[in-house]
Amino acid sequence: MELILFYLFIAVIFITSVALFISKNVIHNAAFLLLSLLSVAGLFVLSASDFLAITQVMIYIGGVLVLLLFGVMYTKNTKDNSVSIGSKRIIPGLFLGLISFGTLTFAILQENIDQDYTIPDRSVVEALGVEFMTKYIFGFELTAILLLVVLIGAVFVAGKTPKNLEEN
């Protein structure tokens, strides 16, 4: 059953990734990205990495994708959701992509990977939570202060209207 789910998630990731590059509609691209990220989270669940799966859903799907959709909806004309595709740099991009793919494939094939692996029988979320909230609490507090300052700055910048900008 796990092997079937693994191949299903891989197929969804592949199909949505290809569709992401082919589609010209930004909203459809966001939906393809959502399906791809959800499938990656499913792979994390299959490998008993529940913390990574939750992090994938919370940060990438909950944050980045929603931010992307709001940015597109607020800045683009709602009648024209298409993206112009095409570039003068397609040949160098394909060349660099093939070199990267070949290098990664070579490195993976040279690695001696043990096929027998064990999945932990208990969750690592509790151990990570204790470590993060005791040993690494300073980093979390510093990040919280930094995000608060960024949020206040964003509200300040967004609150300026063209009339307020003319006065300054």
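Modeller: Happy to. Let's begin with helix α6 (residues 137-158), which supplies the largest share of the nonpolar patch, four residues. Helices here are DSSP runs of H or I with at least four residues, strands are runs of E with at least two, and both are numbered from the N terminus. Before going further, please note that this is a predicted model, in which local features need pLDDT of at least 70, side-chain atom pairs count only at pLDDT 80 or more, and totals for chains, interfaces and linings use all residues. Residues are numbered from 1 along each chain as its sequence is written, and side-chain values use heavy atoms, with hydrogens and water left out.

The patch is built from M133, Y136, I137, F138, F140 and L142 and covers about 620 Å². M133 belongs to helix α5 (residues 125-134). To join a patch, a residue needs over 30% relative accessible area and no salt bridge; nonpolar side chains (Val, Leu, Ile, Met, Phe, Trp, Tyr) are joined within 5 Å, and like charges within 9 Å. A salt bridge means a side-chain nitrogen of Lys or Arg within 4 Å of a carboxyl oxygen of Asp or Glu. The areas come from the Shrake-Rupley method with a 1.4 Å probe, and for residues only the protein chains shown count as cover.

Now the rings. A pair of aromatic rings is described by the distance of the centres and the angle of the planes. Rings of Phe, Tyr and Trp (its six-membered ring) pair if their centres lie within 6.5 Å; planes under 30 degrees apart are stacked, over 60 edge-to-face, and the rest tilted. That rule gives four aromatic pairs. F132 and Y136 have ring centres 6.3 Å apart and planes at 65 degrees, so they are an edge-to-face pair. F132 also pairs edge-to-face with F140, at 5.4 Å centre to centre and 65 degrees between the planes. Ring pairs link F51, F132, Y136 and F140 into a cluster.

How covered are these rings? Relative accessible area is 27% for F132, 41% for Y136 and 37% for F140. Each value reads as partly exposed, because buried means under 20%, exposed over 50%, and partly exposed in between (1.4 Å probe, protein chains only).

Helix α3 (residues 50-75) is worth a look too, and Q56 sits in that helix. Q56 is buried at 8% relative accessibility. Beyond four places in sequence, Q56 touches L37, V40, A41, F44 and I61, where contact means heavy atoms within 4.5 Å. V57, also in helix α3, is partly exposed at 34%. With neighbours within four places set aside, V57 contacts L38, A41 and G62.

As for the context, the chain has seven helices and zero strands. Of its 168 residues, 11% count as buried. Among contacts between residues at least 6 apart in sequence, 59% join residues at least 24 apart. The accessible surface of the chain comes to about 13,900 Å², with 72% belonging to carbon and sulfur atoms.
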